[in-house]
Amino acid sequence: DTTINGNTSSRLPNTTNITFRGVNADRLIMDMKDIAVSTGSACSSASPEPSHVLRAIGLSNEDILSSIRFGLGRFTTREEIDYAINRVVQNVKAIREKSLHLAHS
């Protein structure tokens, strides 16, 4: 239930957008305040509207609201990448488990 959005070979090497189905992206971002990520493109980061780019590549509104853009900078370290991956995995699992628990309550 995790998908890389867009073309996986013709892309910027430092930027990716990932959908975490069943996870509200804004909630995930709030749970990881120590990691700088976004729900939109860099040029539309001030806009509250869902990404028009994700809509153009065919994502549903639900998937758009479950998608996060990750970017690496020139000075991003391997340790920072590993830290971010671990935090994302941990928080996505926690949000999905809580959703399942609430659905069965």
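## Briefing

Ser38 is buried, because its relative accessible area is 13% and buried means under 20%, with exposed over 50% and partly exposed in between (1.4 Å probe, protein chains only). The model is predicted: local features need pLDDT of at least 70, side-chain atom pairs count only at pLDDT 80 or more, and totals for chains, interfaces and linings use all residues. Residues are numbered from 1 along each chain as its sequence is written, and side-chain values use heavy atoms, with hydrogens and water left out.

- Ser38 is placed in the loop between α1 (25-31) and α2 (52-56); helices (H or I, at least four residues) and strands (E, at least two) are DSSP runs, numbered from the N terminus.
- From Ser38 to Ala84 the C-alpha to C-alpha separation is 13 Å in space, and the two are 46 residues apart in sequence.

**The sheet**

- Three strands form an open sheet in the order β1-β2-β3, with antiparallel pairing; two strands pair if DSSP finds at least two bridges between them.
- β1 (2-4) and β3 (67-71) stand at the edges with a single partner strand each, so one side of each has no neighbour in the sheet.
- From one strand to the next, the twist averages 25°; axes are lines fitted to C-alpha atoms, for helices over the stretch in contact, and angles run from 0 to 180 degrees between N-to-C directions.
- Strands of a sheet pair through backbone hydrogen bonds, either parallel or antiparallel.
- Three bridges join β1 to strand β2 (residues 15-20) in the antiparallel sense.
- Within β2, Phe20 is the bridge partner of Thr2, and Ile18 is the bridge partner of Ile4.
- Five bridges join β2 and β3, also in the antiparallel sense, and Ser67 in β3 is the bridge partner of Thr19.
- Five of the six residues of β2 are buried, so this strand is largely enclosed by the rest of the structure.

**The aromatic pair**

- The count comes to one aromatic pair, under the rule that rings of Phe, Tyr and Trp (its six-membered ring) pair if their centres lie within 6.5 Å, with planes under 30 degrees apart counted as stacked, over 60 as edge-to-face and the rest as tilted.
- Phe20 and Phe70 form this edge-to-face pair, at 6.4 Å centre to centre and with 75° between the planes.
- Phe20 belongs to strand β2 and Phe70 to strand β3, so the pair ties together parts that are 50 residues apart in sequence.
- Phe20 and Phe70 are both buried.

**The largest pocket**

- The largest pocket holds about 670 Å³ of space. On a 1 Å grid over the protein atoms alone, a pocket is an open set of points where a 1.4 Å probe fits, with protein on both sides within 12 Å along at least five of seven lines, and lining residues have an atom within 4 Å of a point. Grid points are joined across faces, edges and corners, and a volume is the space filled by probe spheres set on the points.
- Its lining has 28 residues, of which Phe70, Leu72, Ile81, Ala84 and Ile85 lie nearest the centre of the pocket.
- β1, β2, β3 and α4 (78-103) are the elements that give two or more residues to this lining.
- α4 supplies the largest share of the lining, ten residues.
- The lining divides into 17 nonpolar, six polar and five charged residues; Ala, Val, Leu, Ile, Met, Phe, Trp, Tyr, Cys and Pro count as nonpolar, Asp, Glu, Lys and Arg as charged, and the others, Gly among them, as polar.

**Further positions**

- Asn24 lies in the loop between β2 and α1 and is partly exposed, with a relative accessible area of 41%.
- Ala25 is found in helix α1 and is buried, with a relative accessible area of 2%.
- Ala25 and Ile68 are 6.2 Å apart in space, C-alpha to C-alpha, and 43 residues apart in sequence.
- Val89 has its place in helix α4 and counts as partly exposed at 39% relative accessibility.
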